[in-house]
Amino acid sequence: MIKLKNLLVTALTVGAFASSALAIGFTKKSELGGFDGFVERMGAGVRELGRGNTGSADTASMPAAYWNPALLGFRENIGITMNFEKRDLDRIGGAFGIEGKVGKRMGVGFAMLYRGDTDFKVIDDDDQTLGSASPSFSMFYLGFAYRATRQDAFGLSLSMSYDNLDVAQYFESIDMEDSFRSPVTINLSWFRQWNDKWSSSVVIRNLSFSRNLSAKWTKNPSKDNSLASTEGVRPKVLQVGLGYRTQIMGKTVHAWMEALDYQVADTLLAFDPQLHVWTGRVGFECEVIPNGTLRVGMDDLDWMFGAGYKFDIRIGRKKFPIEVDYAFLYESRAGIWTPFTIGLRGYIP
Amino acid sequence: MKLGKMKNVVAGLLMGSALCGNAIAAETLFSNYVFAVGPAGQNGALWSFSRDGSYSGVTLLNFSVSGKGSVVTESTAQSSVETDTMTAARYEIYEEDFAERRRLPAVYTGSKLGLVLPMFSVDESGRTSRPTGYYTIRDLNSVIENPLDAPVDEDTLKKQPLMYATSGFAYDSTAKRLWVARGALGVMVHDMSGKRNEDTTFVLNLKMNKLEVRKQNAELDLENNPEIFDVRIHPETRDLWLATAKGLWVKSSSGLKNISKNLKDSRVTGLWMGGEPLQIIAETNYKKKDNVIGGLWRIYNEKTSDFVKVDFLDTAGKVQKKDIYDEADYTVSDIAFIGKTAYVLVHAVGGSISGYLKLDSRGARAWDQDDDGKLQWLYGYETGATDRKAIIMSMCAFPLTKDRMGLAIATYGNGISVSADSGATWSVILNRARLNNNLGSIRMVPSVITPGDESLVSYKVGRESKITIEVFSYDMRKVRTIVKDAVRSADASRSTNPKEDVWDGRDDHGKDCTMGVYYIRVKDNHGHIGWGKAMTLGGNFR
């Protein structure tokens with residue numbers, strides 16, 4: 001039996017690595033980094049970050065409106081999460097979520113994801129620094145779920161982004177726009193808890209109301225049309241997740257895996273592999289001490305380690321479960337490591 | 001066309017990049033956006049006129065020549081134009097089709113007046129389009145505004161201000177007169193021979209065959225009083241030459257006459273004289289439907305009695321049937337003369353292509369022929385005159401040393417280039433921020449771009465290194481490798497290779513990266529790593 005478990009864990013790992021490798025082999029015509037949607041790609045929540053940004057197949061993932069709105073169907077209490085990251089090169093990020101149960105079978109949640117740069121030097125053509133800007137990029141999600149059975153839930157979330165480049169003040173003679181909002185996009189999801197060991201998820205992200213159901217929009221950087229308008233396309237994403245829970249040496253171990261397909265084209269469905277970027281995520285976590293969890297994971301080629309600790313705060317007769325999470329991140333392609341992350345989550349019973 | 005539009009976009013972006021000329025005073029030049037260069041009288045001295053957005057200024061540069069023959073910058077000093085509502089570079093210089101409106105005449109007139117430039121003030125729409133007079137710049141403390149009255153009513157001036165723009169200067173040092181070509185207003189003379197300086201404006205009267213004083217608020221009669229686009233004093237005869245909308249006219253002691261049968265009714269928009277032996281070059285330019293039809297004409301060493309079209313030769317010297325005007329619509333921005341050679345600076349209409357032709361006694365000779373058989377006549381970025389692709393706005397010859405003439409070119413965004421060997425090699429002079437050794441500081445210049453424009457990766461290494469430059473998105477996905485293990489030398493100011501070390505806002509497959517912040521990593525082979533940041537305002541999904 002142990003052999004079977006090891007085999008499964010190995011399969012998950014190999015699968016994630018394989019999907020990462022595929023990303024290298026099939027990106028001949030597009031670089032994912034040049035496409036809209038990095039805020040979404042970078043995930044949300046320090047707990048999930050510590051295990052490779054995996055969260056779509058875990059009913060405890062927060063904010064669920066981002067990870068998989070179907071998870072909201074499993075909420076029993078009001079959950080709140082707050083997270084902060086300070087990455088190298090003046091990058092800061094964070095996520096906030098609040099979610100809860102509505103009626104017997106439904107849930108609703110809100111999530112906000114934030115990324116920014118606190119020190120972007122605006123340099124002109126005369127090689128002179130005009131000042132420092134703080135561009136910021138955020139996404140908002142409003143999610144709804146319906147729990148169809150004890151095991152299945154379906155979710156829908158609406159998302160939009162708000163970006164502020166913060167450089168207009170340095171271009172006085174142009175009536176420049178600083179902030180941009182994307183139209184609403186739709187994310188659909190399904191979650192199934194197969195049994196006490198296995199769970200799975202399917203999330204389709206970034207559908208919109210255009211002809212090809214693509215999240216495509218035009219942004220005009222200047223109010224007086226002195227700058228050329230720009231078109232953005234946020235790739236459609238198919239995110240398939242798998243979760244497995246087992247006991248190893250008396251300790252509860254979770255293995256998570258997600259395979260993501262980014263369709264980097266303004267088409268309804270593209271079958272040309274050149275128009276797809278596949279990446280994978282894999283993560284493991286083990287409750288090494290009571291309420292204390294260690295995590296390890298890999299998101300594409302980036303490595304993560306994490307830790308979390310759960311405790312309760314009693315106020316009167318009420319007990320409020322709290323969890324503090326930490327993650328260490330190594331962005332391997334750039335050779336940058338991030339030690340400053342912290343996440344907090346809790347429930348109001 | 002797209003390139004041209006993009007250039008305009010960038011122009012607009014960069015024109016707005018300055019909050020105040022004085023607040024961000026440039027290190028070497030007033031700005032890297034140089035519109036004109038001109039001699040400053042002394043050996044090795046050169047004027048440059050720049051505009052960094054709202055403000056304009058001049059820089060006086062002094063050069064020497066090293067033992068190896070390269071140009072050495074000895075000193076630079078700047079002075080700004082006092083107001084942001086006046087400048088020598090009219091707004092439409094990027095947009096206009098007509099040749100006379102696409103150049104900025106910068107004429108050195110001697111120590112009395114110094115460098116003469118046109119002067120424009122802002123109109124109601126905030127554009128510096130309104131012809132207002134001219135600047136005379138004797139030294140950095142004497143940037144003098146010389147306003148000129150427009151002898152037409154205000155409404156006429158508002159409708160088509162550029163019809164009355166100053167587009168040429170000539171100084172008659174013998175008679176102490178400055179002649180100013182004023183388009184539809186004719187030609188003005190500023191007489192300094194008497195105690196009082198007097199200005200008189202003349203129009204060319206075709207019926208009477210004479211120059212007559214223009215009456216205040218007289219009705220425009222362009223049929224009988226054609227526009228005068230340029231003016232020159234013949235260096236040997238001291239006759240006054242006028243380039244007009246109806247031919248080329250010369251006023252001498254024997255009267256006024258149309259000097260060229262071949263250009264009799266042509267719209268002659270520019271006139272240049274110089275060189276040894278003397279060359280007289282005229283440009284014709286008119287619009288036919290949407291096309292700008294240009295032509296270059298010349299009298300070389302008085303071998304011909306009239307102007308003849310300049311021949312375009314292949315690399316072997318064979319005259320070609322087709323020339324650059326068959327490839328694009330070009331206008332002449334400036335002409336410099338050194339010895340037998342004329343350097344004719346041209347700029348494509350509605351595009352960013354610019355460069356200079358080298359005219360010898362036979363014509364413009366191609367310097368190369370590419371694999372497709374296309375002859376290369378234009379010298380510029382490809383021949384090392386600039387180290388970045390920038391529009392060349394102006395060109396001049398100036399005395400570099402007692403016995404050597406220098407060539408200088410002004411570029412839109414890349415400072416100036418100076419050559420001590422008639423254009424064989426060039427030295428680029430532009431503003432550069434101080435950098436720390438061994439990738440201690442990386443600067444993206446400029447740091448905000450639109451796709452297709454270039455942000456220079458500026459860095460310095462202390463010893464020869466193999467450099468790898470890569471661009472990462474915010475989520476640290478690599479989107480572009482700019483150079484890999486490229487050898488770069490140690491340099492006192494920067495080790496960047498401006499031709500290669502640039503990011504154009506695109507990924508490895510040539511696709512525009514979406515609007516956002518990108519991180520540029522520079523690595524050497526000695527373990528040093530530096531990071532810079534650039535923002536692209538996005539392009540179009542293709």
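1. Strands and helices are read here as DSSP runs, numbered from the N terminus: a strand (E) has at least two residues and a helix (H or I) at least four. The model under review is predicted. In these terms, B:P446 sits in the loop between β34 (443-445) and β35 of chain B. The peptide bond that leads from B:V445 into B:P446 is cis, and its omega is near -10°.

2. The peptide bond from B:E276 to B:P277 is cis, with omega near 5°. B:P277 belongs to the loop between β19 (268-274) and β20 (279-288) of chain B. As background, most peptide bonds are trans, and most residues other than glycine have a negative phi.

3. A:D166, which is not a glycine, has a positive phi of about 65°, and its place is the loop between β7 (152-164) and β8 (179-181) of chain A. A:D166 has 20 C-beta neighbours inside 10 Å and therefore counts as buried; the cut-off for this class is 20 or more. A:N206 also has a positive phi, near 65°, and is a residue other than glycine. A:N206 lies in strand β10 (residues 198-207) of chain A and is buried, with 23 other C-beta atoms within 10 Å.

4. Chain B contains 2 helices and 41 strands. The radius of gyration of chain B is 24 Å, close to the 24 Å that the globule rule gives for 542 residues, so the chain is as compact as a globular protein of that length. Its C-alpha trace spans about 80 × 55 × 50 Å along the principal axes. Of the 542 residues in chain B, 53% count as buried. Among contacts in chain B with a separation of 6 or more, 52% come from residues 24 or more positions apart.

5. The domain assignment divides chain B into domain 1 (2-429) and domain 2 (443-536). The C-alpha centres of these two domains of chain B are 36 Å apart.

6. One sheet in chain B can be followed strand by strand. This open sheet has 5 strands in the order β35-β41-β40-β37-β38, with mixed pairing. At its edges are β35 (448-449) and β38 (478-488) of chain B, each of which pairs on one side only. Strand β37 (residues 465-472) of chain B runs antiparallel to β38(B), and 7 bridges join the two. B:V471 faces B:R480 in β38(B).

7. Which strands of chain B does β12(B) pair with, on the side of β11(B) and on that of β13(B)? Strand β11 (residues 177-181) of chain B pairs with β12(B) in the antiparallel sense over 5 bridges, and B:R177 stands opposite B:D191 in β12(B). The hairpin of β11(B) and β12(B) has 5 residues between the strands, and in it B:G183 takes a positive phi near 65°. Strand β13 (residues 198-205) of chain B is likewise antiparallel to β12(B), joined by 5 bridges, and B:V187 has B:F202 in β13(B) as its bridge partner. A hairpin through 6 residues links β12(B) to β13(B). Strand β12 (residues 187-191) of chain B is mostly covered, since 4 of its 5 residues are buried.

8. The largest nonpolar core has 120 residues, of which B:A36, B:V37, B:L117, B:A282, B:I335, B:V344 and B:A408 touch the most other members. Strand β30 (residues 392-401) of chain B gives the most to this core, with 7 residues. Apart from this core lies another, of 80 residues, which includes A:M298, B:L456, B:I467 and B:V471. Setting aside neighbours within four places in sequence, B:L117 is in contact with residues including B:A36, B:F49, B:A88 and B:L104.

9. Chains A and B meet through a contact that takes 47 residues from chain A and 56 residues from chain B. On the side of chain A that touches chain B, the elements giving two or more residues are α2 (38-41), β3 (106-117), β4 (120-123) and β12 (230-234) of chain A. The residues on that side of chain A are 21 nonpolar, 8 polar and 18 charged.

10. A:L188 lies in strand β9 (residues 185-193) of chain A. Not counting residues up to four places away in sequence, A:L188 touches A:L156 and A:I204. A:L188 and A:F271 are 83 residues apart in sequence, and their C-alpha atoms are 21 Å apart in space.

How values were computed. Residues are numbered from 1 along each chain as its sequence is written. Chains are lettered from A and ligands numbered from 1 in the order in which they are written. This is a predicted model: local features need pLDDT of at least 70, side-chain atom pairs count only at pLDDT 80 or more; totals for chains, interfaces and linings use all residues. Two residues are in contact if their C-beta atoms, placed from the backbone, lie within 7 Å. Ala, Val, Leu, Ile, Met, Phe, Trp, Tyr, Cys and Pro count as nonpolar, Asp, Glu, Lys and Arg as charged, and the others, Gly among them, as polar. A nonpolar core is a set of buried Ala, Val, Leu, Ile, Met, Phe, Trp, Tyr and Cys residues joined through C-beta atoms within 7 Å. A residue is buried if 20 or more other C-beta atoms lie within 10 Å of its own, exposed if 12 or fewer, and partly exposed in between; C-beta atoms are placed from the backbone. Domain bounds come from an automatic or database domain assignment. Two strands pair if DSSP finds at least two bridges between them. The radius of gyration is taken over C-alpha atoms; the globule rule is 2.2 Å times the number of residues to the power 0.38.
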